[in-house]
Amino acid sequence: LVSAGLGDAGNDIAFLRVVDCPSIVARRDGRHDTALVKMVSGARKVGPAAGGWEEAIYDFLADIEKPA
């Protein structure tokens with residue numbers, strides 16, 4: 001079992017720290033929440049709005065489908 005989490009604000013820090021593959025989605029202005037970037041090490045940063053969420057999910061699925 002592999003878990004993924006996507007967040008865009010400080011209220012997402014707790015769960016992004018416990019998932020296997022955290023992704024930080026940019027806000028509408030294209031910037032990533034600085035608190036998330038500092039507090040969630042190893043998180044992938046993706047683009048804003050719906051496109052960023054879609055990008056993160058496709059990246060996650062590609063990673064888990066790679067042969068071991």
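The legends below accompany close-up views of a predicted model.

Because this is a prediction, local features are reported only at pLDDT of at least 70 and side-chain atom pairs only at pLDDT 80 or more, whereas totals for chains, interfaces and linings use all residues. Residues are numbered from 1 along each chain as its sequence is written, and side-chain values rest on heavy atoms, with hydrogens and water left out.

**View 1. Three strands form an open, parallel sheet in the order E1-E2-E3.** Strands (E, at least two residues) and helices (H or I, at least four residues) are DSSP runs numbered from the N terminus, and two strands are taken to pair if DSSP finds at least two bridges between them. E1 and strand E3 (44-48) stand at the edges with a single partner strand each, so one side of each is left without a neighbour in the sheet. Neighbouring strands of this sheet are turned by 25° against each other on average, direction ignored, with axes fitted as lines to C-alpha atoms and angles running from 0 to 180 degrees between N-to-C directions.

**View 2. Strand E2 (residues 21-26) pairs with E3 and also with E1.** The pairing of E2 with E3 is in the parallel sense over four bridges, and Val25 stands opposite Val46 in E3. The pairing of E1 with E2 likewise runs in the parallel sense over four bridges, and Gly7 has Ile24 as its bridge partner in E2. Five of the six residues of E2 are buried, so this strand is largely enclosed by the rest of the structure; buried stands for under 20% relative accessible area, exposed for over 50%, and partly exposed for values in between (1.4 Å probe, protein chains only).

**View 3. Helices H1 and H2 take part in right-handed β-α-β units.** One unit is made by E1, H1 and E2, and another by E2, helix H2 (residues 34-39) and E3. A crossover is called right-handed if, with the strands pointing away from the viewer, the path from the first strand over the helix to the second runs clockwise.

**View 4. Asp12 is buried yet has no salt bridge.** This residue lies in the loop between strand E1 (4-7) and helix H1 (13-18). The nearest side chain of opposite charge, Arg27, is 8.1 Å away, where Lys and Arg count as positive, Asp and Glu as negative, and His and the chain ends are not counted. Leaving aside residues up to four places away in sequence, Asp12 touches Gly7 and Leu36, a contact being heavy atoms within 4.5 Å.

**View 5. The structure holds three salt bridges.** A salt bridge requires a side-chain nitrogen of Lys or Arg within 4 Å of a carboxyl oxygen of Asp or Glu. In one of them, Asp33 is joined to Arg27, the closest N and O atoms being 2.4 Å apart; Asp33 is buried at a relative accessible area of 10%, while Arg27 is partly exposed at 39%. The side chains of Asp29 and Arg31 meet in another, at 2.9 Å from N to O, with Asp29 partly exposed at 47% and Arg31 exposed at 60%.

**View 6. Arg44 forms a salt bridge with Asp63.** The closest N and O atoms of this pair are 2.4 Å apart. The pair links distant parts of the chain, with Arg44 in strand E3 and Asp63 in helix H3 (residues 49-65), 19 residues apart. Arg44 is partly exposed, with a relative accessible area of 27%, and Asp63 counts as partly exposed at 31% relative accessibility.
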